[in-house]
Amino acid sequence: MKIAIDIDGVLLDLVVNFCEIFNKKHGTSYSKNDVTRWEFFNDWNITEEEAFEIFFQIYENTTSVPFIDETAPDFLEKVNRSHEVYILSARASQYRDQIIEKLNFHGIKKGEQYIDLILVHHKPYASKQDYEFDVYVDDNPHLADAIKLMKDRHLLLYDQPWNQNFICENNIIRVHNWNEVYEKLVFINFKLNL
Ligand SMILES: [Mg+2]
């Protein structure tokens, strides 16, 4: 299988840093759990452009972003041995070096845990659908909406406060950690080979 692994919300907890920067700037006390939808910036009274100014700031200096699940590199290596694993992210391409350095630091290396890193534009929200994969591991409910209509593809929706309203069924499966990601990949592979 060809598998696409997202970065933010699946490997890295970018939103934690977003809240810190936002709170400092606006005197608020938001935390990750207050990010209850993809377009959360509309609830927080800033424009999408202002939100992306903060995101770009984090992309530039990304070393302090928390890593979500320390078991991810081992599972990725295992999966990449018998499947084709790609990292598919909507981070801006000018920050490619920073993200590769960050992934390397956490033991996610090209040639071991993944074949290549593909960076796509963050708009439209489901633009990753233009890259054909058998399985996507992603936290983006808009991508899940798009993949839901493509019955030959699957998406493992990584559980996050901003995708709670998405109803997972059929080819969209909710996962909560990397052990579950691995289990569901084995399950999908089994199903596809029946
Ligand atoms: Mg993401």
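This is a predicted model: local features need pLDDT of at least 70, side-chain atom pairs count only at pLDDT 80 or more; totals for chains, interfaces and linings use all residues.
Residue numbers start from 1 along each chain as its sequence is written. Local features need pLDDT of at least 70 and side-chain atom pairs 80 or more, totals for chains, interfaces and linings use all residues, and side-chain values use heavy atoms, with hydrogens and water left out.

Select Asp8, Trp38, Phe55, Tyr59 and Asp139, the closest to the centre of the largest cavity among its 27 lining residues. A cavity here is a set of points on a 1 Å grid over the protein atoms alone where a 1.4 Å probe fits but cannot get out, and lining residues have an atom within 4 Å of a point. The structure holds 1 cavity of 30 Å³ or more, and the volume of the largest is about 480 Å³, counted as the space filled by probe spheres set on points joined across faces, edges and corners.

Helices are DSSP runs (H or I, at least four residues), numbered from the N terminus. Which helix gives the most? That is H3, with 4 residues.

Next, colour by domain: domain 1 (2-12 + 66-192) and domain 2 (14-60) each supply at least three lining residues, with bounds from an automatic or database assignment.

Select Cys19, which is buried (under 20% relative accessible area) at 3%. A search of the whole structure finds 0 disulfides, meaning pairs of cysteine sulfur atoms within 2.5 Å.

Notes. On a 1 Å grid over the protein atoms alone, a cavity is a set of points where a 1.4 Å probe fits but cannot get out, and a pocket is an open set with protein on both sides within 12 Å along at least five of seven lines; lining residues have an atom within 4 Å of a point. Helices (H or I, at least four residues) and strands (E, at least two) are DSSP runs, numbered from the N terminus. Buried means under 20% relative accessible area, exposed over 50%, partly exposed in between (1.4 Å probe, protein chains only).
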